[in-house]
Amino acid sequence: MKEATTDDACQRYLEDPEANAGHLETCAECRAVDAALAAKADVNATPISLDSLPLAPWEGSSHRAWPLVLGAAVAVILIALALCDLAGISPLHVAESSLAALEARRGLLRNATEWLRAAPAAMQVAFGVAFIVVNALLVVLLRRAPRGIDA
């Protein structure tokens with residue numbers, strides 16, 4: 001009968017070694033198996049201190065990458081200014097032409113909204129329904145669990 005209780009204790013230890021860690025003190029066979037596995041795996045069985053791990057950026061770490069971002073922005077501006085100088089164009093002229101293109105797009109958007117306001121009521125309702133359906137579909141798709149590369 002004593003052998004059956006030892007086998008049960010060994011089985012419990014094998015199923016959950018952390019919960020039954022005291023079993024190693026009483027069973028020489030399990031102690032030998034544990035030592036052999038630890039030697040074979042070349043693993044140190046000491047627990048990890050969670051206080052010594054570094055903080056991730058979202059956990060309140062003080063490291064920020066803003067100098068890199070600002071440096072990259074300054075580099076892009078300097079490259080743009082150098083290209084303007086090489087082309088013989090003033091940066092002000094580039095800004096004005098960009099604003100003119102932006103104004104053309106703004107006029108197109110204004111015409112589209114005026115057309116929608118002047119459209120029949122049925123078309124306005126259809127546009128509203130389509131807007132709600134598309135947004136509901138996006139919400140449903142965003143709430144789905146993402147499928148990773150291993151899924």
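Helices here are DSSP runs of H or I with at least four residues, and strands are runs of E with at least two, both numbered from the N terminus. Welcome to this predicted model, in which local features need pLDDT of at least 70 and side-chain atom pairs count only at pLDDT 80 or more, while totals for chains, interfaces and linings use all residues. Residues are numbered from 1 along each chain as its sequence is written, and side-chain values use heavy atoms, with hydrogens and water left out.

**View 1. H23 sits in helix α2.** This helix covers residues 23–26, and H23 is found in it. Is H23 buried or exposed? With a relative accessibility of 10%, H23 counts as buried; buried means under 20% relative accessible area, exposed over 50%, and partly exposed in between (1.4 Å probe, protein chains only). Setting aside neighbours within four places in sequence, H23 touches A9, C10, Y13 and C30, where contact means heavy atoms within 4.5 Å.

View 2. A disulfide is a covalent bond between the sulfur atoms of two cysteines. Here a disulfide is counted when a pair of cysteine sulfur atoms lies within 2.5 Å, and the structure holds 0 of them.

**View 3. Helix α4, from end to end.** Take a look at residues 66–87, the 22 residues of α4. From first C-alpha to last, α4 reaches 32 Å, close to the 32 Å expected at 1.5 Å a residue; the expected span is 1.5 Å times one less than the number of residues. Of its 22 residues, the number buried is 1, so α4 lies largely in the open. After α4 comes G88, whose phi is positive, near 80 degrees.

**View 4. Where α5 meets α6.** The axes of α5 (residues 91–118) and α6 (residues 121–143) come within 7 Å and cross at roughly 120 degrees. Axes are lines fitted to C-alpha atoms, for helices over the stretch in contact, and angles run from 0 to 180 degrees between N-to-C directions. The two helices are therefore oblique to each other: angles under 35 degrees count as roughly parallel, over 145 as roughly antiparallel, 65 to 115 as roughly perpendicular, and the rest as oblique. On the α5 side the contact is made by W115, L116, R117 and A118, and on the α6 side by M123, Q124 and F127.

**View 5. F127 in helix α6.** F127 lies in α6 and, at 48% relative accessibility, counts as partly exposed. The C-alpha atoms of F127 and L116 are separated by 8.8 Å, and these residues are 11 apart along the chain.
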